[in-house]
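Work through each task before reading its solution.

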Amino acid sequence: MNTNNSDKQNSHLDLTDPDVKEIFTLYKNHEEVPYISPKRNLKEWLDLVSISSESLVPKRNMMRFKEDILPGHLILLWRIQFGTFTTSSGYPKYFEYDYGINAEQALKEVIEKGYANQLSAMDSLPYLNAAQLKAVLKQFGLKGYSKLNKEGLMELAQAELTEDQISPYFTIRGYKITPAGTEILANYPEVVDRHPKKKY
């Protein structure tokens, strides 16, 4: 049974479960077994694989780089660099089924490694619409904001309020790639080159 690096993403699995054993056998020639979500219906997935309606994660996507990250981590960074990824963004199924990663865990890892940062509340103001910004400003009794556009509302918030004041009033936060993140993406361009593209 291929248990290489199973502690990194699959420590939640019961290695004595027959379905889990079968999955690990399917991936015996991979460097490590892809992430298997606790929510995945293992029997159903195995049945789909047996009739070729579901594919295995490619071997190349389960080969860690020297930085101890997988290609899926790089795709997550590539997604973050567009400036539209936030705490409310969903994770496409391809992270698990094509890249074999737990995207939520991978996000924490790229932040810990210094490849991305979570933005402050003040820096996350652009992710609010005008109505939401006005609702925040209203809490502080500020005047003259009712006719402002979104840019003007953000400028008023930045001029009159502090991070500590506004942070409790909305939960969405953006993410930003760091120079180190940009550099590691540049080091492995083939990963992004292979990924199907769409505009973000």
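A pocket is an open set of grid points with protein on both sides within 12 Å along at least five of seven lines, and its lining residues have an atom within 4 Å of a point. The model examined here is predicted.

**Exercise 1.** Determine which residues lie nearest the centre of the second largest pocket, and how its lining divides by residue class.

Solution. 
1. The volume of the second largest pocket is about 200 Å³.
2. Its lining comprises 14 residues, and Pro58, Arg60, Asn61, Asp98 and Tyr99 are those nearest the centre.
3. By class, this lining consists of seven nonpolar, three polar and four charged residues.
4. At least two lining residues come from each of H5 and helix H11 (189-194).

**Exercise 2.** Identify which element gives the most residues to the lining of the largest pocket.

Solution. 
1. The largest pocket holds about 300 Å³ of space.
2. It is lined by 15 residues, with Tyr35, Ser37, Glu96, Asn102 and Glu104 closest to its centre.
3. Two or more lining residues are given by helix H5 (94-97) and by helix H6 (103-112).
4. H5 gives the most, namely three residues.
5. The lining as a whole contains eight nonpolar, two polar and five charged residues.

**Exercise 3.** State how many cavities of 30 Å³ or more the structure holds, and describe the lining of the largest cavity.

Solution. 
1. There is one cavity of 30 Å³ or more.

Definitions and conventions: Residues numbered from 1 in each chain as written. Predicted model: local features only at pLDDT ≥ 70, side-chain atom pairs only at ≥ 80, totals over all residues. Heavy atoms only, no water. 1 Å grid on protein atoms, 1.4 Å probe; cavity = no way out; pocket = protein on both sides within 12 Å on 5 of 7 lines; lining within 4 Å. Points joined across faces, edges and corners; volume = space filled by probe spheres on them. Helix = DSSP H or I, 4+ residues; strand = E, 2+ residues; numbered from the N terminus. Nonpolar A, V, L, I, M, F, W, Y, C, P; charged D, E, K, R; others polar.
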